Amino acid sequence: MRLISGDLMDQSSLVFAVAQAQPDEIYNLGALSYVPVSWRQSTTTAEITGMGVLRMLEAVRIVAGITGSRTPGANQPRFYQASSSEMFGKVRETPQNELTPFHPRSPYGAAKVFGHYTVQNYRESYGMYAVSGMLFNHESPIRGPEFVTRKVSLGAAAVKLGLRKTLRLGNLEADRDWGFAGDYVRGMTLMLAQDEPDDYVVGTGIAHSVRELAELAFAHVGLDWRDHVVIDDALLRPAEVDLLCADPTKARQKLGWKPAVSFEEMIAMMVDSDLELLSDPRRRGDGLIRELADLW
Ligand SMILES: Nc1nc2c(ncn2[C@@H]2O[C@H](COP(=O)(O)OP(=O)(O)O[C@H]3O[C@H](CO)[C@@H](O)[C@H](O)[C@@H]3O)[C@@H](O)[C@H]2O)c(=O)[nH]1
């Protein structure tokens, strides 16, 4: 059985949940994950994104009866932690690999670093099977509309259908290594299938700017992004992560992982999906466009 966490629970509830479920694998994907909100809700971010990892590991340790140092319980579940490329922040080198030093640029990034080191510490202290996937940005048609890829795919579709005239964006110069979420989930399961627990960088190794993303999405519906994208300084972040680009050599060599979907295919998939979504009057009625008015 697999337990996929996403909620903020207190310690005893987590112990109860793990004891009840008796999972073989635990995927800790729970986080306050939208970076700009982490400045406005910094302590909540530390609680959920950082302390949540410690509480999950404690629940596993308690249920597995691991009390001393390096005494791996026979029935302990394997634990996956969703670490993030945001930990590299103001990057010390490009591309970034498992040994690149961290320099987080937001309360979110700092909380992820805490979670990352906590996993490493539990592995080394208790011999627990706990790994961190240092995942670069991963997207899909069900990505939240606040994240830039989905915002742009929805924006291009809405403009094409005559529902909106413009799309507001912040920093067009930021570069990200964007991949398809389905490929990255495959990487997560591969990590827990190895004989020895270890940490892995997962990304495509190719970076694109937000400007290129907008250009591609609007071109896919036959439009020129420059006619519709408006820059809004209110969307700039207090401290930006300018460039993230993965070196996924270790994942390729040890896990046999490589992405199946390219950036271009993924953006086309997302724009097509949003065209379909916004063309359906019943689904459009769910207020998505209205909801997005603030973000746009
Ligand atoms: N969201 C957003 N981002 C914008 C906008 N305009 C420009 N950007 C830029 O687009 C980049 C990507 O922003 P997001 O899509 O919000 O993702 P993120 O901050 O890189 O974080 C995502 O990826 C991380 C993995 O590296 C995840 O850890 C994190 O939870 C999140 O999924 C950032 O540099 C941001 O400044 C905008 O209107 N909205």
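Tutor: In this predicted model, the protein is divided into domain 1 (2-135) and domain 2 (139-176 + 207-244 + 262-292), and 30 Å separate the centres of the two domains, taken over C-alpha atoms.

Student: How many residues does the contact take from domain 1 and from domain 2?

Tutor: Domain 1 gives 13 residues to the contact and domain 2 gives 8 residues; on the side of domain 1 that touches domain 2, the residues divide into 6 nonpolar, 5 polar and 2 charged.

Student: Why are helix 5 and helix 7 called roughly parallel to each other?

Tutor: The axes of helix 5 (residues 148-160) and helix 7 (residues 210-220) come within 9 Å and cross at roughly 30 degrees. Angles under 35 degrees count as roughly parallel, and the two helices are therefore roughly parallel to each other.

Student: What is the hand of the crossing of helix 5 and helix 7, and which residues make the contact?

Tutor: The crossing is right-handed. Helix 5 contributes Val148, Thr149, Val152, Ser153 and Ala156, while helix 7 contributes Val210, Leu213, Ala214, Ala217, Phe218 and His220; these residues divide into 8 nonpolar, 3 polar and no charged.

Student: How do you know which domains the shell around the ligand draws on?

Tutor: The shell draws at least three residues from each of domain 1 and domain 2, and its residues divide into 10 nonpolar, 6 polar and 6 charged. Of the 22 residues around the ligand, Ser33, Ser84, Val148, Gly170 and Ala174 come nearest; one of these, Val148, also belongs to the contact of helix 5 with helix 7.

Note on methods: Residues numbered from 1 in each chain as written. Predicted model: local features only at pLDDT ≥ 70, side-chain atom pairs only at ≥ 80, totals over all residues. Near = placed C-beta within 6 Å. Nonpolar A, V, L, I, M, F, W, Y, C, P; charged D, E, K, R; others polar. Domains from an automatic or database assignment. Axes fitted to C-alpha atoms, helices over the stretch in contact; angles between N-to-C directions. Helix = DSSP H or I, 4+ residues; strand = E, 2+ residues; numbered from the N terminus. Parallel < 35°, antiparallel > 145°, perpendicular 65-115°, else oblique. Left-handed = near helix turned anticlockwise from the far one by under 90°. Contact = placed C-beta atoms within 7 Å.
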